[in-house]
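Hi,

Here is the structure I promised to pass on.

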Amino acid sequence: MPVSRRNTLMALGAGLLSACARGNAPAPVTIGYQRSGLLLLAKARGTVDAALVAAGRPPAQWIEFSSGPPMLEAMAAGSVDIGATGESPPIFAQAAGAPIIYLTAEPNSGQSSAILVRKDSPLRTVAGLRGRRLAFTRASSAHLVVAKALQHAGLGFGDVTPINLSPVDAGSAIASGAIDAWSIWDPYYALAEQNLGARAIVTGDQLPASDS
């Protein structure tokens, strides 16, 4: 099942099955979500909780995560039953032995991810990142965007200074000038444009698809 350039919905197999079969007192399903995507919309609309209640189950427990990697860590630990994330976190999680299964995949155009620089930055292209401080969340979809962008520009990770930061920390770092560029996704991408005047030097839809 190809998962490149998609958001994926995953479950921890054993945890989900046990959560759904606990006799007369079923435990609530725990759902991990981020600040974008279908699960955020489902939570806001109450559709999942309504369906669970209609089936005689308690409403879900919702846990917000800033990115996919910590969500997958929580899923591997059994703290989350279902979660949605980009294509990269589950690959890293499965490589570490996490017993996750894919439930469905949602196409993603790539327009919601980008490598950003400050509005006053002299950088205009990915090639200009040579020797620069480039922040992203390790094992996230932003990590994959960096890998593809560097390769497309004829560079590698050894040509930049990679800095592993959470979206919140990276947002503060680019605002202060502590980093030169930031690979990120929506809604952080849109917020950085709106609040900081950050601009994209490349967007996800300008890069080769992962399965090409």
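Predicted model: local features only at pLDDT ≥ 70, side-chain atom pairs only at ≥ 80, totals over all residues.

Let's start with helix H7, residues 167-176. (Helices are DSSP runs of H or I with at least four residues, strands are runs of E with at least two, and both are numbered from the N terminus.) Pro 167, Ala 170, Gly 171, Ala 173 and Ile 174 are buried there, where buried means under 20% relative accessible area, exposed over 50%, and partly exposed in between, with a 1.4 Å probe and protein chains only. Down the axis of H7, these buried residues fall within an arc of 165 degrees, so they line one face of the helix. (The arc is taken from the directions from the helix axis to the C-beta atoms.) Val 168 and Ser 176, on the other side of H7, are exposed. What do the buried residues of H7 pack against? Their partners are strands S6 (113-117), S7 (133-136) and S9 (181-185), plus helix H8 (188-196); contact means heavy atoms within 4.5 Å. After H7 comes Gly 177, with a positive phi near 85 degrees.

Thr 137 has 9% relative accessibility, so it counts as buried. Not counting residues up to four places away in sequence, Thr 137 touches Ser 67, Pro 69, His 143, Asn 164, Leu 165, Ser 166, Pro 167 and Trp 185.

Now the cores. A nonpolar core is a set of buried Ala, Val, Leu, Ile, Met, Phe, Trp, Tyr and Cys residues joined through side-chain atoms within 4.5 Å. The largest has 32 residues, and those with the most contacts inside it include Ile 115, Leu 134 and Trp 182. H6 gives the most to this core, with five residues. A second, separate core has nine residues, among them Phe 65, Ala 74, Ala 98 and Ile 100.

Technical notes: Residues numbered from 1 in each chain as written. Heavy atoms only, no water.
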